[in-house]
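This report takes a brisk look at one chain. It starts with a term, moves to the overall fold, and ends on a single residue.

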Amino acid sequence: MAKYSALSLLRGAFNGQSHWQPAWRHPDPKASYDVVIIGGGGHGLATAHYLAKNHGITNVAVLEKGYIGSGNTGRNTTIVRSNYRLEPLSRFYEFSLKLWEQLSDELNYNVMFSPRGALTLGHSDGDMIRLAEKGDAMAVQGIDAELLTRDQVMKIEPCLDFSHDARFPIEGGMIQWRGGTARHDAVAWGFARSADSQGVDIIQQCEVTSMVVDAGRVVGVETSRGRINAGMVAICAAGHSGHVAAMAGLKLPVESQTLQAMVTEGVKPMVNTVVMTQSLHCYISQSDKGGIVFGGDPDNWPSYAQRGHAVTMELAVQQGLALIPALSRLRMLRTWAGVTDMSFDGSPIIGSTPVDGLWIDGGWCYGGFKATPGSGYLFADTLANQRPHEIIAPFSLDRFERGSPVDENGTGPFPNHR
């Protein structure tokens, strides 16, 4: 997008910005590309950006059946953190968090990254023991973590219910100060603009309908806009990963479920961090517009619907109101749901597949948004070098066959794995 003077910005305020130019092109698809990426969300766009920037691979098409960011990238709670216990997960998410910290400069686009802190509450002695264990594991890996007393939590989040008869007593917590939030649509737009400026074709309203397979190798895709040949095909389709992979005869160990959230009317600042808990299944933050954002469990049954379910959302709201009773006075503005690809161990699947020429970046469960720059960077490296980067090697698809899951809580893709 071109730079504008103060006068041009003032003119735009009066004419509806009619003179502004599109931030990226809308090209027709070419007959063939070196890499075809299926999915125009954060992961697909980030992969295209890093393929071009880091590896000089620009003959790339990003195919999106809707519009940029219309999937999970625009339907999440925007939380960014790296407070995991298992080394493969914490190493990956810490790599991604460091990219988040420089991402606005990287893209020359303000993604509104806000390191306000990711606070996890403990409601019992058992909770505090588990938080201390996680904090120790993080510290060993050089990741910031601070265990907090009840009084310290009270100073950070005074609106929480600290009364002795609280439904969920607060015994303390753990905070990662570098965690926080980012603006989801700005992330998609920033990566799209950068990838486009480097020669990547971003093709919207282009649905992949089948894979073109020759001698056991994927050599292209059939789309609603015709056939497109490809040297490699990369799936970055989030909750639709299983459906897309099935076009090549590949059955992924994932289940698609809706994960919903809601936002209230805007109020003055009252929630200073991202509030999560060790035992409950809700998380709360305040947007830059002042709205209080709630999130909770997935609906826990297979679905491709981008809409919520009242019972699941009600549970998250009940828990949120128990933590911060003052929120009961606010009006809900809207709800939304993303379609998540829940893997069997709750961790991502990223790398090669048994189908020659087909690669996968999926299975992100709850962690897709915060993984955006890290997955794009490392997946691009994997595609360019035709081998898994060492950071994502533990998340290969064949780990399930080898009996080597990466399961943070020993529970698989269930409520506490966020």
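## A term first

A polar contact is a pair of N or O atoms within 3.5 Å. Within protein, one atom must be able to donate a hydrogen and the other to accept it. The model described here is predicted.

## Overall fold

The chain has 10 helices and 18 strands. Its radius of gyration is 22 Å, close to the 22 Å that the globule rule gives for 418 residues, so the chain is as compact as a globular protein of that length. Along the principal axes, the C-alpha atoms fill a box of roughly 65 × 60 × 40 Å.

Of the 418 residues, 57% count as buried. Among contacts with a separation of 6 or more, 75% involve residues 24 or more positions apart.

## Surface and charge

The chain carries 35 positive and 41 negative charges, and their mean positions are 6 Å apart.

Arg25 sits in the loop between helix H1 (6-15) and strand E1 (32-38). Arg25 is partly exposed, with a relative accessible area of 35%.

Which residues does Arg25 contact, leaving aside its neighbours within four places in sequence? They are Asp196, Gly199, Val200, Asp201 and Ile202. Ser197 is 172 residues from Arg25 along the chain, yet their C-alpha atoms are separated by 8.8 Å.

Two polar pairings involve the Arg25 side chain. One of its polar atoms lies 2.8 Å from the backbone oxygen of Val200. A polar contact of 3.1 Å joins the side chains of Arg25 and Asp201.

Note on methods:
Residues are numbered from 1 along each chain as its sequence is written. This is a predicted model: local features need pLDDT of at least 70, side-chain atom pairs count only at pLDDT 80 or more; totals for chains, interfaces and linings use all residues. Side-chain values use heavy atoms; hydrogens and water are left out. Helices (H or I, at least four residues) and strands (E, at least two) are DSSP runs, numbered from the N terminus. The radius of gyration is taken over C-alpha atoms; the globule rule is 2.2 Å times the number of residues to the power 0.38. Buried means under 20% relative accessible area, exposed over 50%, partly exposed in between (1.4 Å probe, protein chains only). Contact means heavy atoms within 4.5 Å. Lys and Arg count as positive and Asp and Glu as negative; His and the chain ends are not counted. The place of a charge is taken as NZ of Lys, CZ of Arg, CG of Asp or CD of Glu.
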